[in-house]
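Let's walk through this fold one question at a time. Have the sequence and the coordinates open as you go.

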Amino acid sequence: MKGNFEFRTRKSNRSLWVIECIDPNCNWRLRALKIVPESTKFVIRKNVGVHCFSLLNRNANHRQATYVVIGEQVAPQYVGVEKGLGPKGVQNFARTKLGAQISYYKARMGRKHAHTLIRGLPEQSFHILLSYFHMLEKLNLGTVTRIEVDRDSRFNLFVAFGVVIRGFRYMRKVVGIDGTFLKGQYRGILLVATTQDGNGQCYPLAWGIVDSENEDAWTWFLTQLKEVIGDTDELALISDRAPSIKKAISTVFEKAHHGACAWHVAQNIKNKFKCADIMGSYWSTVNSYRCEDFVGYMTEISHRYPRVAEYLENEVGFEKWFRCHYPGLRYNITPTNMVKSLNSMLVNARDFPYVSLLDVIQEKMSKWWNDRRIVAMAITAPLTLSWESEFRPRFAQSNGRHTLQLNPVTYHVKCSELEGVVDIFNKTCTCKEFDIDKLPCVHAIVAAHHAQVSVYSLVSP
């Protein structure tokens, strides 16, 4: 093929293969026989390996450069990688490595065949899923897996790794949920539930694959998730405002609180009302801690865009997205951003067969957990790197603040920007940062120093 010599098959059966040059005047030929009848291997018995026709008869559009041959040759390029060569890359590979000029379509088909050789057929994934899940449960103790096919032949899959389930007890109970489209032969929707670890990093809790993103699918996924993480009034579930998710959460979780993703709300505002210039005021409203500040920003939005203010109050609901009105604990966590990061992380694996997709997820999570373990082992401070970086600016701002002790646990901290009354026993401050983030604000740090209390003891789990 590299020499652009084409051949044709003169005879082919189960025990004999004879090929010859496509030019009848050329003596090049090869004859191979099967070693033994039961074998699949052939041995070359005759080979006339020199071509004797004109070089003008060479053809770069080689007839033997089928997509199957191209796929077999390019397959090693996809081992251990998610994306690998695209169709144009396959064309370049065929030209430089094989000396063949192939069309874009043949390159795309060759790439598809290479994927099949490395990752198997989509149908094969369904056949080995039960065995795959059995080994997951055996090797990662505590892993929860579910496979269900309903009466309408709709396929549902759920997996939560045991190590993740055990670690969730130490996490703040704010969980983001979302879904993304899969692009493989059988399509489907990849669902994910995630939170943040103590260092503010992605902590995927559970994964699911369902037929489509509807109320039944979400109800099934959340039912499995509830068995893993429980249902308490400390739990916050954050999602976009899709009606199917909202109904499923209200059906499955009786105690947990549901919140709207502020980023999705912002996108809805820009798309629905075409007012991107209001985003500064909107995010100031989202990030404000005190109801007084919230009212001020909302008044500004009402004057400029009354319809946006009405949308935020009546359709979204203040209790769904504003910190001060939220009935549960959201801290300063934005888990839906984490979900988007996970979806983008898997963008190249979304057309893989299901087992290969789960392999990618497992491999990435294993790497993350090991990398984070190494970082955690090197930490000598009481808090994680993320929390320590939050603390340092607050320590710097606390210098020189005047403090008035009101009683054994209450302090009035005065400053030029905003005064605060701190209760170090109940871990509250009138600025509300201490109450919501559960991390000492500047006022609380000042009060802790005055009371000779370790500021780290005021950090909530």
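This is a predicted model, in which local features need pLDDT of at least 70, side-chain atom pairs count only at pLDDT 80 or more, and totals for chains, interfaces and linings use all residues. Residues are numbered from 1 along each chain as its sequence is written, and side-chain values use heavy atoms, with hydrogens and water left out.

Q: Which strand does Thr180 lie in?
A: Helices (H or I, at least four residues) and strands (E, at least two) are DSSP runs, numbered from the N terminus. The run that covers residues 174-181 takes in Thr180, and that run is strand S7.

Q: Is Thr180 buried or exposed?
A: The cut-offs are under 20% relative accessible area for buried, over 50% for exposed, and partly exposed in between (1.4 Å probe, protein chains only). Thr180 has 11% relative accessibility, so it counts as buried.

Q: Which side chain makes a polar contact with the side chain of Thr180?
A: A polar contact is a pair of N or O atoms within 3.5 Å; within protein, one must be able to donate a hydrogen and the other to accept it, and residues adjacent in sequence count only if both atoms are side-chain atoms. Contact as such means heavy atoms within 4.5 Å, and, leaving aside neighbours within four places in sequence, Thr180 is in contact with Gly188, Ile189, Leu190, Asn343 and Arg350. The polar partner, at 2.7 Å, is the side chain of Arg350.

Q: In what order do the 7 strands of the open sheet with mixed pairing run?
A: Two strands pair if DSSP finds at least two bridges between them. Strand S5 (144-149) and strand S11 (257-260) stand at the edges, each with a single partner strand, so one side of each has no neighbour in the sheet. The order is S5-S6-S9-S8-S7-S10-S11.

Q: How many bridges pair S8 with S9?
A: Strand S8 covers residues 189-196 and strand S9 covers residues 202-210. Ile189 has Val210 as its bridge partner in S9, and Gln196 stands opposite Cys202. The two strands pair in the antiparallel sense, and the number of bridges is 8.

Q: What is the bridge partner of Asp178 in S8?
A: S7 and S8 run antiparallel and are joined by 6 bridges. In S8, the partner of Asp178 is Val192.

Q: How many residues of S8 are buried?
A: One side of S8 carries Ile189, Leu191, Ala193 and Thr195, the other Leu190, Val192, Thr194 and Gln196, and all are buried. The strand is mostly covered, and the count of buried residues is 8 of 8.

Q: What is the phi of Arg187 near?
A: Most residues other than glycine have a negative phi. Arg187, in the loop between S7 and S8, has a positive value instead. Its phi is near 50 degrees.

Q: At what angle does helix H6 run to S6?
A: Axes are lines fitted to C-alpha atoms, for helices over the stretch in contact, and angles run from 0 to 180 degrees between N-to-C directions. Helix H6 (residues 215-229) lies across S5, strand S6 (155-160), S7, S8 and S9. Its angle to S6 is about 25 degrees.

Q: Which strands stand at the edges of the open sheet of 4 strands?
A: The order in this sheet is S1-S2-S3-S4, with antiparallel pairing. Strand S3 (residues 29-34) is joined to S4 by 6 bridges, and Ala32 stands opposite Ile44 in S4. The edge strands, each with a single partner strand, are S1 (7-12) and S4 (42-48).

Q: Is H10 parallel or oblique to H11?
A: Angles under 35 degrees count as roughly parallel, over 145 as roughly antiparallel, 65 to 115 as roughly perpendicular and the rest as oblique. Helix H10 (residues 291-304) and helix H11 (residues 306-316) pack at about 130 degrees, with axes 5 Å apart. That makes H10, relative to H11, oblique.
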